[in-house]
Amino acid sequence: MCGIAGIFHLETAKPVDPARLRKMTDSLVHRGPDGSGIWTAPGVGLGHRRLSIIDLEGGAQPMLTPDEAQVLCFNGEIYNFQDVRAELETYGHEFHTDSDSEVILYAWRQWGVDCLKRLNGMFVIAIYDQRTKQMFLARDRLGVKPLFYAPVSDGSIIFGSELKALLANPLLRREPHLPAVDDFLAFGYVPDQTSLLKGVKKLPAGHYMLLERGKPEPAPIQYWDMDFSQRGKASAGTLEEELVTLLKDAVGSRMIADVPLGAFLSGGVDSSAVVALMSEKSRRPVKTCSIGFDQQSLDETGYAQTIADRFQTDHRSRTVAADDYGLIDTLADHFDEPFADGSALPTYRVCELAREDVTVALSGDGADEALAGYRRHVFHHAEERVRGMIPQSFRGPVLGWLGNIYPKADWAPRPFRAKSTLLSLARSGAEGYAEAVGVTTPSQRHAIYSSDMIRRLDGYQGESQMIDLMENAPAQNGLDQAQYADMKMWLPGDILTKVDRTSMAVSLEAREPLLDYKLMEFAARLPSNLRVRKGQGKYLLKKSMERYLPQDILYRPKMGFVTPIAQWFRGPLADEARNISEAGALGRMGWFEPKALRKIADDHISGKSDNSRLLWQLLMLDKSLSRLFNL
């Protein structure tokens, strides 16, 4: 697990300044505190920061083949590298280390871009081939590991594991990209499809790019995608056994490490399943950790302790204060772009706790996306059945009218909160789901934008990205479409960004066995009723885990990390809320109406309304802008 950075001149082989490259690389020291390396040649440079996990002595990078024809920088882990190595040895390749990095080098040498089909892991790969003068950049199938890149004024492409590596290069132009502001306010994160800095791009998950001297910057090429358009024909019992086999293989392959290894344990279905399978594979007690809160309604440590006791893990738990907002500036520094998922704070704390004992921790991320585990999936699946029974010609005008006149009642029990359901049913499934996963609606954003911002956005709405993904998904029904869009947008933009930045902030490698691509492909072929049944998501996963886990773990309501931001903005962060419209970066950019922002803050602080999620977004946007543009 590492951080990488690079410079590649597209037009002419200009010299690369090693000091500039080192500055880019050193900005990523938290991703790799165990070592660093720089390699340059005419027109190209690669830099690396290393967190040693496998082959502690022999895996240094940049890594060159003995004839120096190819050079590699790599961030991540290849879980099946031993199998790929054995295959490469049949072709006559000789290995000089025990690292997965060397396997990637020879896989490229043997198969070129087709090597990606053989690699199972989380990775960003950069290989410069001196024979062809090409730079090969690739990102893993699901987007666990990130790669930012941008063209700069000297004709080069610069790239790095985080935006801060690009910011360390003085040639990067810092100009805001306004559609990304609307994206962020719509969803609470900046999707992989865009960036807050104009000209900066993110290599999409499951894509590669082949830069070649003398040719213009190419478009990324997709080498893998999720496909929900096919269905498995096997019986439910057979599929259940196949799922268990895939889970065991995914967990077992991610337990290979030459450093201490453990797991996050929340006491939810996903992390508990991972710990159960780790315990079955391990001869020693699995090291587990969990974070609790001093506010009982937010605390899950009792469930985590139940699993720790059941599998006799070496468990550590730490309680943090519910008002643990002191990390805000730390998170803003590590995320670079604005990120408003409040669960990043406790995620950082559990990574911090894990790092005290281990260097690698397995997580339960991915099952909700693959197996329809979010409540929104269950609701959307139900709504799609209604849409299938009532024509749009009726739903649009009639349900839309009812939704508009129905009172908004966020405080009421769910059956009485019909306004959002009625408005969703009045729209297409894609439009309804895009709003369901959003934080703000277009009308809410327009109410706080300045007239100049509205003019410059020229009708753009962040929801259009998710709608396009759903409408063009390889899918059979609305549930498929929603899961596909989550895989392409929510998963890399929110969940994986959160885990990558918080784990790397403390030099911890987080591995996600439930994101194994074979498991994902299997899940996409499942019939809908094995994903959602009787109001329960992740049906087949829960059924398959009944042999390992107790019922009160499998079927209890989903909690997740929750932070009490509403209380914060009525207490210790009240001044922050008031200052957003006046003293901060937002006020200087001219994108928002100061009076509208003040009213949002005043209404929340007085208790007139709950504007906490929007205030949290505005605060994180303000802090990001301050750092990106030195405001």
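Guide: Just after helix α9, Asp336 takes a positive phi of about 65°. Keep in mind that this is a predicted model.

Visitor: Good to know. Which residues of α9 are buried?

Guide: Helix α9 spans residues 328-335, and its buried residues are Ile328, Leu331, Ala332, His334 and Phe335.

Visitor: And what do those buried residues pack against?

Guide: They pack against α4 (163-167), α10 (344-355), α19 (478-505) and α27 (612-628).

Visitor: Which strands does β14 pair with?

Guide: Strand β13 (residues 261-264) runs parallel to β14, joined by 3 bridges, with Phe264 opposite Cys289. Strand β15 (residues 314-320) is also parallel to β14, joined by 7 bridges, and there Ser290 has Ser317 as its bridge partner.

Visitor: What sort of unit do β13, α7 and β14 make?

Guide: A right-handed β-α-β unit, with helix α7 covering residues 269-281.

Visitor: Now the core. How many residues are in the largest nonpolar one?

Guide: It has 177 residues, and Ile125, Phe592 and Trp616 have the most contacts inside it. Helix α19 gives the largest share, 11 residues.

Visitor: What does Ile125 touch, sequence neighbours aside?

Guide: Beyond four places in sequence, Ile125 is in contact with Leu72, Cys73, Phe74, Ile104, Leu116, Leu119, Phe136, Leu137 and Ala138.

Visitor: What about a second core?

Guide: A separate core of 21 residues includes Leu46, Cys73, Ala126 and Tyr128.

Notes: Residues numbered from 1 in each chain as written. Predicted model: local features only at pLDDT ≥ 70, side-chain atom pairs only at ≥ 80, totals over all residues. Heavy atoms only, no water. Pairing = 2+ DSSP bridges. Helix = DSSP H or I, 4+ residues; strand = E, 2+ residues; numbered from the N terminus. Right-handed = clockwise from strand over helix to strand, strands pointing away. Buried < 20%, exposed > 50% of the residue type's maximum accessible area, 1.4 Å probe, protein only. Contact = heavy atoms within 4.5 Å. Core = buried A, V, L, I, M, F, W, Y, C linked by side-chain atoms within 4.5 Å.
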